[in-house]
Amino acid sequence: MTNPAPVLEIRGLHKSYGELEVIKGVDITAHRGDVVSLIGSSGSGKSTLLRCCNLLEDSQQGEILFKGEPITWSGQGLARRPADAKQVLRIRTNLSMVFQQFNLWSHMTILQNVMEAPVTVLGRDKAEVEEKARHYLDKVGIGDKCDVYPAQLSGGQQQRAAIARALCMEPEALLFDEPTSALDPELEQEVIKVIQDLAKEGRTMMIVTHDMNLAADVSDTVVFLHQGLIEEQGPPDEVFGNTQSERLRGFLASTRRDS
Ligand SMILES: Nc1ncnc2c1ncn2[C@@H]1O[C@H](COP(=O)(O)OP(=O)(O)OP(=O)(O)O)[C@@H](O)[C@H]1O
Ligand SMILES: [Mg+2]
């Protein structure tokens with residue numbers, strides 16, 4: 001059998017905000033079923049890298065391939081933009097993002113929030129989407145909250161609704177940016193449990209996290225970013241158990257002190 005193309009491949013990616021280069025040549029590959037965690041200190045470029053992957057941010061150099069299909073660009077350098085709006089939509093739909101701050105619509109019920117993008121962006125059949133939305137809300141343990149508004153839920157429940165919303169797009173991969181860091185510790189666990197279940201199911205995921213236990217538990221690969229470059233990467237046993245880089249050792253020691 002031929003080896004299928006990775007779900008997501010980034011080659012030699014560079015990204016600047018004006019004069020400030022924040023991603024300085026990064027390669028990452030996520031095959032189907034891989035869980036890749038991005039760790040690193042504040043400002044190292046984790047969120048930027050994740051946002052470049054699903055084209056929420058422009059990048060100036062390097063390639064992004066989705067299932068072997070390269071993003072097509074127009075322009076160069078700071079003027080480089082994705083050339084094909086349909087391709088952007090397809091890729092964004094397939095790399096569904098879960099944000100730290102949930103970003104649910106406050107004027108819509110939980111069910112409406114989960115149904116919104118598949119119906120309005122993808123034009124899917126409303127009845128089918130509703131069935132799926134209820135299924136995913138059940139799956140993340142809040143099937144009884146369909147008809148309430150986000151403000152009536154705890155932070156952990158809101159984040160689980162946001163995960164259901166991402167799942168309802170039926171994406172090839174999920175991208176998480178610090179999914180637990182806006183939550184109280186006791187609510188963090190219920191979201192971590194959902195992420196662990198998704199990992200066990202074999203979902204392809206990229207997770208930016210400050211939670212080293214989560215990274216150690218769910219990842220196939222842990223990537224340590226430092227000032228826009230990969231300083232160290234590997235399976236969690238090696239990255240955490242046999243750390244090579246002095247910087248990563250320092251970073252891990254400081255996160256242990258914090259927690
Ligand atoms: N919209 C922006 N305009 C200008 N600079 C930005 C912008 N967003 C991020 N940066 C800069 O890019 C660098 C990387 O930021 P990024 O948010 O990716 O870091 P991070 O690793 O996610 O940090 P944190 O752990 O604090 O979330 C930082 O120096 C930041 O100040
Ligand atoms: Mg960030």
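Analyst: A residue is called buried if its relative accessible area is under 20%. The model is predicted.

User: Which residues of helix 1 are buried?
Analyst: Helix 1 spans residues 46–53. Six of its eight residues are buried, so by the under 20% cut-off the helix is mostly covered. The buried residues are K46, T48, L49, L50, C52 and C53.

User: Which residue follows helix 1, with a positive phi?
Analyst: The phi in question is near 70°. The residue that follows helix 1 with this value is L55.

User: Which helix gives the most to the shell around ligand 1?
Analyst: The ligand is surrounded by residues including Y17, V22, G45, K46, S47, T48 and E178. The shell divides into two nonpolar, seven polar and two charged residues. With three residues, the element that gives the most to this shell is helix 1.

User: What share of the exposed area of ligand 1 does the protein bury?
Analyst: A polar side-chain atom of Y17 lies 3.3 Å from a nitrogen atom of ligand 1, and a polar backbone atom of G43 is 2.8 Å from an oxygen atom of the ligand. For S47, a polar side-chain atom is 2.8 Å from an oxygen atom of ligand 1. Taken alone, ligand 1 exposes 640 Å², and the share of it buried by the protein is 58%.

User: Which strands form the edges of the six-stranded open sheet?
Analyst: The strand order is 8-9-10-3-11-12, with mixed pairing. Each edge strand pairs on one side only, and the two are strand 8 (95–98) and strand 12 (229–234).

User: Why is strand 9 described as largely enclosed by the rest of the structure?
Analyst: A173, L175 and D177 point one way from strand 9, while L174 and F176 point the other way. Residues on both sides are buried. Strand 9 is largely enclosed because the buried residues number five of the five.

User: What is the bridge partner of A173 in strand 10?
Analyst: Strand 9 (residues 173–177) runs parallel to strand 8, with four bridges between them, and in that pairing A173 stands opposite L95. Five bridges join strand 9 to strand 10 (residues 204–208), also in parallel. In strand 10, the partner of A173 is T204.

Definitions and conventions. Residues numbered from 1 in each chain as written. Chains lettered and ligands numbered in written order. Predicted model: local features only at pLDDT ≥ 70, side-chain atom pairs only at ≥ 80, totals over all residues. Heavy atoms only, no water. Near = heavy atom within 4 Å. Polar contact = N/O pair within 3.5 Å; in protein donor to acceptor, adjacent residues only side chain to side chain. Areas by Shrake-Rupley, 256 points an atom, 1.4 Å probe, with all protein chains shown as cover. Nonpolar A, V, L, I, M, F, W, Y, C, P; charged D, E, K, R; others polar. Buried < 20%, exposed > 50% of the residue type's maximum accessible area, 1.4 Å probe, protein only. Pairing = 2+ DSSP bridges.
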